[in-house]
Amino acid sequence: MAVENLAPRPLADASAVIDDLMAATRAGMEAVNSLILSRSDSSVDMVPEVANHLIDAGGKRLRPMLTLAASALFSRVRGNEIRFAAAVEFMHNATLLHDDVVDESDMRRGRPAARTIWGNQASVLVGDFLLGQAFLMMVESRDIDALGVLSRAAAIIAEGEVFQLAKAGDLATTPDDYEKIIHAKTATLFEAATEVGAMAGGADTISRKALASYGRELGMAFQLVDDVLDYGGAQGALGKNTGDDLREGKMTLPVILALQAGNQAERKTIEKALGNPDSGESELADILAIFARYDTLSQTMAKAERHADAARAALANIPSSLERDILFGVPEFCTSRAS
């Protein structure tokens with residue numbers, strides 16, 4: 001049955017969507033957070049120290065909330081959604097610990113990255129511990145299909161990270177390469193989060209695929225916006241931490257489009273700054289001027305908007321409910337972050 005009133009919220013309301021999502025999932029997230037704390041414990045003191053350093057830093061915990069909301073679309077009966085949501089968050093935190101080592105990042109969520117306090121080895125190993133706990137919770141759910149969804153996601157995420165590493169500083173990287181990278185490293189976990197949520201709620205095959213599509217498209221939009229935000233948002237305003245992706249040599253879409261459109265001198269300017277940890281505001285201002293000349297930030301945002309539209313369209317045949325309306329608004333929240 002087609003759903004009526006499929007229309008985006010006004011932009012003024014976009015920031016309220018996450019508040020709505022938090023309110024709708026509050027009871028479930030309290031159980032998820034308790035489970036996260038208990039499963040982060042270990043007789044080896046360094047394990048909870050490293051894990052809780054990242055977990056306590058906060059973040060909106062968007063992915064597990066999406067799992068809970070997707071479950072509530074189909075059932076009010078508590079099933080495996082708490083375990084699934086906690087497993088999704090553990091997988092996300094594991095990738096953050098690993099990413100900070102790969103990227104040699106010093107900060108995470110406004111705090112010193114775990115690697116700067118406990119070292120790279122501890123960060124990688126605690127990330128592995130969190131992945132192990134995620135899969136243990138999935139096994140305990142006795143849902144082999146959901147275990148398969150998250151196991152495949154873990155493999156794809158790792159593959160995407162390796163592909164991104166291989167493409168770091170590669171001036172021949174194409175928009176198709178970039179799309180493969182962000183689908184693997186970001187969209188895959190969003191897709192898995194909403195798909196296992198639907199499964200926990202007892203969704204049929206068609207609805208399960210619809211929620212998987214929603215998560216995938218939302219994740220694509222989310223990462224595209226993040227890559228625009230790294231350059232100060234859609235307006236390209238210089239600010240704190242602007243240009244980290246450039247200094248790390250990441251071939252994000254604004255860079256790729258600028259390299260394709262720019263002349264030899266402009267390409268040389270980008271090449272000189274790309275992967276250079278000493279690139280400062282002067283170099284970034286030059287890069288942003290090139291971006292503005294060829295509208296690469298606005299092109300990237302337009303692509304994010306198309307994925308946001310696709311995410312909303314995926315919900316077209318999901319019956320109307322509070323959770324459906326909230327999920328419908330989340331893509332606009334994601335894209336509005338860069339405006």
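Guide: D309 is partly exposed, with a relative accessible area of 42%. Buried stands for under 20% relative accessible area, exposed for over 50%, and partly exposed for the range in between (1.4 Å probe, protein chains only). The structure is a predicted model, in which local features need pLDDT of at least 70 and side-chain atom pairs count only at pLDDT 80 or more, while totals for chains, interfaces and linings use all residues. Residues are numbered from 1 along each chain as its sequence is written, and side-chain values use heavy atoms, with hydrogens and water left out.

Visitor: With which residue does D309 meet in a salt bridge?

Guide: A salt bridge requires a side-chain nitrogen of Lys or Arg within 4 Å of a carboxyl oxygen of Asp or Glu. D309 meets R312 in this way, with 2.6 Å from N to O. R312 is buried, at a relative accessible area of 9%. Both residues belong to helix α15 (residues 296-314), where a spacing of three residues separates them by about one helical turn. Helices are DSSP runs of H or I with at least four residues, strands are runs of E with at least two, and both are numbered from the N terminus. An α-helix has 3.6 residues a turn, so residues three or four places apart point the same way.

Visitor: Which residues do salt bridges that share partners join into one network?

Guide: The network consists of D103, D245, E248 and K250. In total, 18 salt bridges are counted.

Visitor: Which parts does the pair of E89 and R61 tie together?

Guide: The closest N and O atoms of E89 and R61 are 3.7 Å apart, and the two form a salt bridge. E89 lies in helix α5 (residues 81-103), whereas R61 lies in the loop between α3 (46-55) and α4 (62-72), so the pair ties together parts that are 28 residues apart in sequence. E89 and R61 are both buried.

Visitor: Is D100 buried or exposed?

Guide: D100 is buried, at 4% relative accessible area. Its salt-bridge partner is R108, at 2.7 Å from N to O. R108 counts as partly exposed, with 23% relative accessibility.

Visitor: Which residues does H307 touch, not counting residues up to four places away in sequence?

Guide: A contact is defined by heavy atoms within 4.5 Å. With that exclusion, H307 touches E217, M220, A221 and L224. H307 lies in helix α15 and is buried, with a relative accessible area of 12%. The C-alpha atoms of H307 and Y214 are 9.3 Å apart, although 93 residues separate the two along the chain.

Visitor: How many of the residues of α3 are buried?

Guide: Seven of the 10 residues in α3 are buried, and the helix is mostly covered. These are V47, P48, V50, A51, H53, L54 and I55. The buried residues of α3 pack against α2 (26-39), α5, β1 (107-108), β2 (111-112), α6 (114-118) and α7.

Visitor: How many helices does the protein have, and how compact is it?

Guide: The protein has 16 helices and two strands. Its radius of gyration is 20 Å, close to the 20 Å that the globule rule gives for 339 residues, so it is as compact as a globular protein of that length. That radius is taken over C-alpha atoms, and the rule is 2.2 Å times the number of residues to the power 0.38. Along the principal axes, the C-alpha atoms fill a box of roughly 60 × 55 × 30 Å. Buried residues make up 54% of the 339 residues. Among contacts with a separation of 6 or more, 76% are between residues 24 or more positions apart.
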